[in-house]
Amino acid sequence: MSAPVSDVILRTDSVGRTFGKFVALKDVSAEFRRGALTSIIGPNGAGKSTYFNLLSGSLAPSSGKVTFEGQDVTGLPQHRFAHLGIAKSFQITNVFPQLSVRENVRIAAQALKTRFDIWRPRAGMAEFLDVADELLKTVGLWPRRFELASALAHGEQRALEIGMALASRPRLLLLDEPTAGMSPEETRTMMDLIVQLATERTIILVEHKMKLVMGICDRLLVLHHGELLAEGTPDEIRRNETVKRVYLGQREH
Amino acid sequence: MSAELATTRADLAPSSTGTRLLDLAERHRVLLAGLFLLVFPLVLPFHALAIVVLTYGLYALGFNLLFGYLGLLSFGHAALFGGGAYLCGIALVHAGVPWWLGILAGTLGGVLIAFLIGIIAIRTRGIYFAMVTLALAQCVYYLFYQAVDWTGGENGLRLPSLTTINVFGLQLNFVDSLTRYYVIAAFVFASLFILSRILASPFGAVIEGIRENEARARACGYDVSRSRLLAFVLSGGFCGLAGSLQAIHLAIVPVEMLGIETSGLAVMMCLLGGMGTFFGPFVGAAVFLVLENLVSVYTVHWQLVVGVVFIVCVLFFPRGIWGSILHWSRR
Ligand SMILES: Nc1ncnc2c1ncn2[C@@H]1O[C@H](COP(=O)(O)OP(=O)(O)OP(=O)(O)O)[C@@H](O)[C@H]1O
Ligand SMILES: [Mg+2]
């Protein structure tokens, strides 16, 4: 599982994104290391989600290039990303509300293997149910697998979403503010889960609460007004004067 | 709105006996449908009426696959139903093929028209999808209306009336209404079996996932556009078959079969019976057609009465008749 730390899994070459005349992201070049837990931080509206969406394929960049494992993935349709080995959870909870918790993960698990199979009964496909059950145990939702996803609490739905993202066995997991709107308790559970998941795969985590990720991540990217302000280890970022001024200064201290 | 989600249902924890009974019915829904098809003409002794309940029910079933299960509201399904009927008729009249080949031609015709409409329409959502399908269906109407040599134009296309048909070497008297009913019921039964397989397949889960959350389905790795197109094409197959059966039964294809009212009929029957439920479309078709037949005996304003019943149903039983029954018995 764990490759040499110097191995780059994902890189962006001066990617940018505009919405009409508004520049949401400008010229961001960065490399993400395989096996690392990298956080993208920045104040509200910094362009984190925009950048995240370029990495996960929900948005095509207006300029620049995204490379995953040496392959140019710029502008590929969203559904191709799961097939390549990239999975994500959204900033806003995104599950199948009227399906059971187990079916949510099962659908995600079958996605790469049974695309247009209209004939064989899916109830007989034990492999996907097994994957679903295993992942539900991982994210702590196994006891609630028979309930509708809409019946879960907010924090549980976020966990379910991560379970669904894991179902494609991604080599790169992208998480956009997985703790958004959570209680302190739910947040702690979620952060524990992320740390646990990070031991086995590459994770890129978007977060605007810097304190939350400082202790757990290997590297940090700081975005501000759509630009990459700084990049480095948590210690380097903590010491960075510019970051202190524009980010730590205004929000945390 | 989703009422009968095959594995999902089996997934939910077992509870009351009523629920368990319904789950049993759900698991053997095709068998149940078969039994019902066998006794239906005994319950409803007007065989001609029983037959159109089946053909319209099958039409609504095809529509329901797209509307109830995938969540796309089409206002152009008449093109699939009427188009299938015309292509079946054209094969019988102009190519002189045997009856079953005509039905096959009509079914494939429904598939083909669905593919052509679908490839344009699946790019749109919601109201735009409804409008695009409506507009394209009007194009199909116009096309068949103009091709007078092939379709008879506004007079409709008269089919040779079948007196006997050959089923695997067996000569059946097709004039006998009960025989005719059972021949058509056999096709409907096969369709229900196929639909049941589709809904219980991995693809059945995909279309429900897309209805529930398109962005999530896409992030899971599903090609939403292609899945939509496949569902549309399958829907076209059911509707084309329904149209063919209707054509053979009536021995004429009136041009109204392609009209906008026919498209609306599918929506009404589906909503009336319960969208996204296995039996709903047939329940809707039966209630609608029986009501129409009963009321039109007493008054020429039957459409008004049916309209009021429809509105009451939609207002007070938004799940539809069958959908509400399922909902209540599960609580
Ligand atoms: N689809 C869009 N159309 C127009 N403007 C957009 C769009 N998406 C984002 N923006 C704008 O781009 C800027 C960056 O937004 P983005 O969502 O990337 O910020 P963020 O860093 O994720 O913020 P938050 O912490 O609130 O999630 C914001 O000013 C936002 O209003
Ligand atoms: Mg954001």
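1. Ground rules. Since it is a predicted model, local features need pLDDT of at least 70 and side-chain atom pairs count only at pLDDT 80 or more, while totals for chains, interfaces and linings use all residues. Residues are numbered from 1 along each chain as its sequence is written, chains are lettered from A and ligands numbered from 1 in the order written, and side-chain values use heavy atoms, with hydrogens and water left out.

2. Who sits around the ligand. There are 13 residues around ligand 1, and G45(A), K48(A), S49(A), T50(A) and Q91(A) come nearest (a residue is near if one of its heavy atoms lies within 4 Å). By type, the shell splits into five nonpolar, six polar and two charged residues; here Ala, Val, Leu, Ile, Met, Phe, Trp, Tyr, Cys and Pro count as nonpolar, Asp, Glu, Lys and Arg as charged, and the others, Gly among them, as polar.

3. Polar side chains at the ligand. T50(A) has a polar side-chain atom 2.6 Å from an oxygen atom of ligand 1. For S49(A), a side-chain N or O atom is 2.8 Å from a ligand oxygen, and for E177(A) a polar side-chain atom is 3.2 Å from one. On its own, ligand 1 exposes 640 Å², and the protein buries 60% of that (Shrake-Rupley areas, 1.4 Å probe).

4. Elements in the shell. β2 (22-33) and α1 (48-56) of chain A each give two or more residues to the shell around ligand 1, and α1(A) gives the most, three. Helices (H or I, at least four residues) and strands (E, at least two) are DSSP runs, numbered from the N terminus.

5. The A/B interface. Chain A brings 38 residues to the contact and chain B 37 (heavy atoms within 4.5 Å). About 3200 Å² is buried between them, 61% of it from carbon and sulfur atoms; that is the accessible area (1.4 Å probe) the two parts lose on being put together, summed over both. On the chain A side, I118(A), W119(A) and R122(A) lose the most area to chain B, together 23% of what that side buries.

6. Across the interface. What salt bridge joins E161(A) to chain B? Its partner is R216(B), with N to O at 2.9 Å, and the rule finds one salt bridge across this interface (a side-chain nitrogen of Lys or Arg within 4 Å of a carboxyl oxygen of Asp or Glu). The side of chain A that touches chain B takes its largest share, six residues, from α3(A).

7. Salt bridges overall. The count over all chains is 24. One that I'd look at is E227(A) with K26(A), closest N and O atoms 3.7 Å apart. This pair links strand β10 (residues 227-232) to strand β2 of chain A, 201 residues apart.

Methods. Polar contact = N/O pair within 3.5 Å; in protein donor to acceptor, adjacent residues only side chain to side chain.
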